[in-house]
Amino acid sequence: LRPDESSGAMMKRMMLAGVLGAVLGAVLVASGAQAQTPAEPVSAQAAAASHWRGLAETDGQFALRLIEDNHPGAVAAVGDADFQAQIQTARRHLNERLPQVQNFEGYSAVMTGMAADFRDGHIWSRPTLQPGSVGWPGLVLARRGGAWVVAYQDANAPYAALKGARLESCDGEAAEDWAKTRISLFKADATVEAQRAASADWLFLDQRNPFLKRAQTCVFRTEAGPQSVDLRWRRVPVATVQAAMTAAETSAEVGLSVDAVGPGYWISLG
């Protein structure tokens with residue numbers, strides 16, 4: 001906040017900044033198209049990739065400036081060394097990932113990854129454009145009792161019964177490390193158990209993120225012992241996966257109650 005600026009004025013300025021970022025992105029795309037000449041033919045795929053990279057760079061740099069101009073942790077006098085490091089990490093990831101951006105999925109991954117670098121639920125990137133299908137191996141994970149557990153298995157998935165099995169590793173990496181890395185880079189703060197749990201059903205999704213390799217072979221601990229499974233990925237409607245995630249959810253009785261105690265009441269929040 002500027003010293004002479006109200007919160008309402010700041011929100012208007014940030015909204016204007018967002019509009020400006022979109023305009024800058026559009027101008028960049030247009031200028032890239034104009035730069036192409038008949039003497040230097042460029043394939044439609046290469047041109048599209050160039051535009052998505054340009055948009056990712058423009059929006060990524062703009063997002064960093066927006067945070068640096070408005071977040072108190074970005075002010076050196078505050079002495080928030082952790083936040084300063086997060087800004088540097090976000091900038092480094094942006095520069096490292098830009099060359100691999102080829103399409104909307106790459107652009108979206110860059111922006112989502114930058115938001116995750118700040119480990120703050122108030123800083124996020126949620127595109128309004130959503131694909132109609134997603135890669136899925138027919139399994140949904142949940143975080144239960146400090147472990148990754150198969151909470152749902154699609155009836156058409158070509159595996160033995162895995163529901164309730166504990167994930168032990170994927171592609172030779174221990175499940176805890178495998179999940180923590182993915183969540184930290186593109187989803188949430190993996191050091192917080194609640195955020196791990198909230199991200200569990202995302203772990204077995206392939207959103208064509210060019211910076212994440214989808215798991216090929218995972219080991220699950222079943223009642224009969226460890227079982228190595230070659231995951232069979234297929235594109236399915238997003239609605240199918242959403243229904244599976246809903247079916248995997250559990251509910252708990254939190255024990256809300258109000259009891260009379262002498263002249264007052266004891267309110268239990270469970």
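**Close-up 1. Helix 2 alongside helix 3.** Helix 2 (residues 44-70) and helix 3 have axes that come within 10 Å and cross at roughly 175 degrees. That makes helix 2 roughly antiparallel to helix 3, a label for angles over 145 degrees, while under 35 counts as roughly parallel, 65 to 115 as roughly perpendicular and the rest as oblique. Axes here are lines fitted to C-alpha atoms, for helices over the stretch in contact, with angles running from 0 to 180 degrees between N-to-C directions. This is a predicted model, so local features need pLDDT of at least 70 and side-chain atom pairs count only at pLDDT 80 or more, whereas totals for chains, interfaces and linings use all residues. Residue numbers start from 1 along each chain as its sequence is written, and side-chain values use heavy atoms, with hydrogens and water left out. On the helix 2 side, look for Ala56, Gly60, Gln61, Leu64, Ile67 and Glu68; helix 3 answers with Phe83, Ile87, Ala90, Arg91, Leu94 and Asn95. Contact means heavy atoms within 4.5 Å. Sorted by class, this contact has 7 nonpolar, 3 polar and 2 charged residues. Ala, Val, Leu, Ile, Met, Phe, Trp, Tyr, Cys and Pro count as nonpolar, Asp, Glu, Lys and Arg as charged, and the others, Gly among them, as polar.

**Close-up 2. Helix 3 against helix 4.** The axes of helix 3 (residues 81-97) and helix 4 (residues 104-116) come within 9 Å, crossing at roughly 165 degrees. So helix 3 is roughly antiparallel to helix 4. Ala90, Leu94 and Arg97 of helix 3 touch Val110, Gly113 and Met114 of helix 4. That set splits into 4 nonpolar, 1 polar and 1 charged residues. Helices (H or I, at least four residues) and strands (E, at least two) are DSSP runs, numbered from the N terminus.

**Close-up 3. Helix 4 meets helix 5.** Here the axes of helix 4 and helix 5 (residues 175-186) come within 5 Å and cross at roughly 100 degrees. Helix 4 and helix 5 are therefore roughly perpendicular to each other. Helix 4 brings Ala109, Thr112, Gly113 and Ala116, and helix 5 brings Ser184, Leu185 and Phe186. The tally is 4 nonpolar, 3 polar and no charged residues.

**Close-up 4. The largest pocket.** This pocket has a volume of about 1100 Å³. Of its 38 lining residues, Thr112, Phe186, Lys187, Trp202 and Gln207 lie nearest the centre. Helix 4 gives the largest share of the lining, 7 residues. Helix 4, strand 1 (133-136), helix 6 (193-199) and helix 7 (238-248) each supply at least two. By class, the lining has 18 nonpolar, 11 polar and 9 charged residues. On a 1 Å grid over the protein atoms alone, a pocket is an open set of points with protein on both sides within 12 Å along at least five of seven lines, a cavity is a set where a 1.4 Å probe fits but cannot get out, and lining residues have an atom within 4 Å of a point. Grid points are joined across faces, edges and corners, and a volume is the space filled by probe spheres set on the points.

**Close-up 5. The cavity.** The structure holds 1 cavity of 30 Å³ or more, and about 100 Å³ of space lies in the largest cavity. Its lining includes Arg182, Trp202, Asp206 and Gln207. By class, that lining has 4 nonpolar, 2 polar and 5 charged residues.
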